[in-house]
Amino acid sequence: MPQNRNDPPQPPPVMTWGKALPVLVVAGIFDLMGLFFNMFWFFGPALAAVWCTVKATDVAGAVGTYVGGALCATVATVGGSLAVGPLETFGIIMAMAVGLAGWLVVGLLLLIFNGRIFKENALWFAASLLIDEMPIIGSLPALTGVTWKMYHTQIKTEKAAFAKWQKEQADVQLQKRQRQAAQLMQAQAMQQEATNDATFNQIQAANDEKYNNEGIPENLRKAA
């Protein structure tokens, strides 16, 4: 809806950390997934050992927890050592896919709900994709860190703009009150001047009447 010229100016929008938190959580989830796949050569066998232990417990009960757990851990360690190359390759590919997906999801959320964040941070967001797509280096929480940096810059900039707007509005209100006070004083001065003129005219009329009456002879006044 267009703003009426008589309406007070609207304050500039201000981002807060409370509003930024949901997007930061999403970025953190994707970064954790990326870390998981970048370290899949370690987490893959570990998860396999856990899964194997759970199944052994279901089959053999409490005894299976100790015996099956030890056996599963041994098998997972040996298997992981032998398959470290394929696991690492698979993890890198999946980490790159997760990094791209996270970048697209977070970017879409920012575009929909907070497009103004890209005014000063577009290059930073592009850099986060490059970091996420690099093997090993992609383990770093680049998406979360860059998103946090973008929000930090935006919040700082918008708070400063809001403070400037508040000062400008305070100055406008002060000038408005000063103009109103000057107009009121001018109106009072004009009213006082008009009152003084009316009083002077009344006094002058009374003096004229008295002078005229005193200048007429007594016999003529009686005759009149």
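Is Phe 37 buried or exposed, and what is its relative accessible area? Phe 37 is buried, at a relative accessible area of 13%. Buried means under 20% relative accessible area, exposed means over 50%, and partly exposed falls in between (1.4 Å probe, protein chains only). The views below show a predicted model, in which local features need pLDDT of at least 70, side-chain atom pairs count only at pLDDT 80 or more, and totals for chains, interfaces and linings use all residues. Residues are numbered from 1 along each chain as its sequence is written, and side-chain values use heavy atoms, with hydrogens and water left out.

**View 1. Overall fold and confidence of the protein chain.** The chain has 7 helices and 0 strands. Its elements run α-α-α-α-α-α-α from the N terminus on. Helices (H or I, at least four residues) and strands (E, at least two) are DSSP runs, numbered from the N terminus. Of the 224 residues, 24% count as buried. Contact means heavy atoms within 4.5 Å. Among contacts between residues at least 6 apart in sequence, 73% join residues at least 24 apart. The average pLDDT, the predictor's confidence in each residue from 0 to 100, is 75 for the chain. A score of at least 70 is reached by 62% of the residues.

View 2. Helix 1 has 22 residues. From first C-alpha to last it reaches 30 Å, close to the 32 Å expected at 1.5 Å a residue. The expected span is 1.5 Å times one less than the number of residues. A kink of about 25° is centred on Val 23. The bend at a residue is the angle between axes fitted to the seven residues ending there and the seven starting there. Val 23 is itself buried. Other buried residues of helix 1 include Ala 20, Leu 24, Ala 27, Phe 30, Asp 31 and Gly 34.

**View 3. The largest nonpolar core.** This core has 21 residues. Those with the most contacts inside it are Val 106, Leu 110, Phe 125, Met 150 and Tyr 151. Helix 1 (17–38), helix 4 (84–113) and helix 6 (142–215) each supply at least two of its residues. Helix 1 gives the most, with 6 residues. A nonpolar core is a set of buried Ala, Val, Leu, Ile, Met, Phe, Trp, Tyr and Cys residues joined through side-chain atoms within 4.5 Å. Residues up to four places away in sequence aside, Met 150 touches Leu 110, Ile 117, Phe 118, Asn 121, Trp 124 and Phe 125.

**View 4. Aromatic pairs.** The structure holds 6 aromatic pairs. Phe 37 and Phe 90 form an edge-to-face pair, 6.4 Å centre to centre with 75° between the planes. Phe 37 lies in helix 1 and Phe 90 in helix 4, so the pair ties together parts 53 residues apart in sequence. Phe 90 counts as partly exposed, at 39% relative accessibility. Phe 162 and Trp 165 have ring centres 5.8 Å apart and planes at 25°, so this pair is stacked. Both lie in helix 6, 3 residues apart, and are separated by about one helical turn. Phe 162 is partly exposed, at 26% relative accessibility. Rings of Phe, Tyr and Trp (its six-membered ring) pair if their centres lie within 6.5 Å; planes under 30 degrees apart count as stacked, over 60 as edge-to-face and the rest as tilted. Phe 36, Phe 37 and Phe 90 form one aromatic cluster.

View 5. Gly 91 lies in helix 4. Its relative accessible area is 0%, so Gly 91 is buried. Residues up to four places away in sequence aside, Gly 91 touches Phe 37, Asn 38 and Phe 40. Phe 37 and Asn 38 are buried residues of helix 1. Gly 91 and Phe 36 are 55 residues apart in sequence, yet their C-alpha atoms are 8.0 Å apart.

**View 6. Gln 154 in helix 6.** Gln 154 lies in helix 6. It counts as buried, at 5% relative accessibility. Neighbours within four places in sequence aside, Gln 154 is in contact with Met 15, Asn 114, Arg 116, Ile 117 and Asn 121.

View 7. Over residues 220–224 the pLDDT is below 50. Beyond near neighbours in sequence, this stretch has 3 contacts in the model. Where pLDDT is low, the predicted coordinates should not be read in detail.
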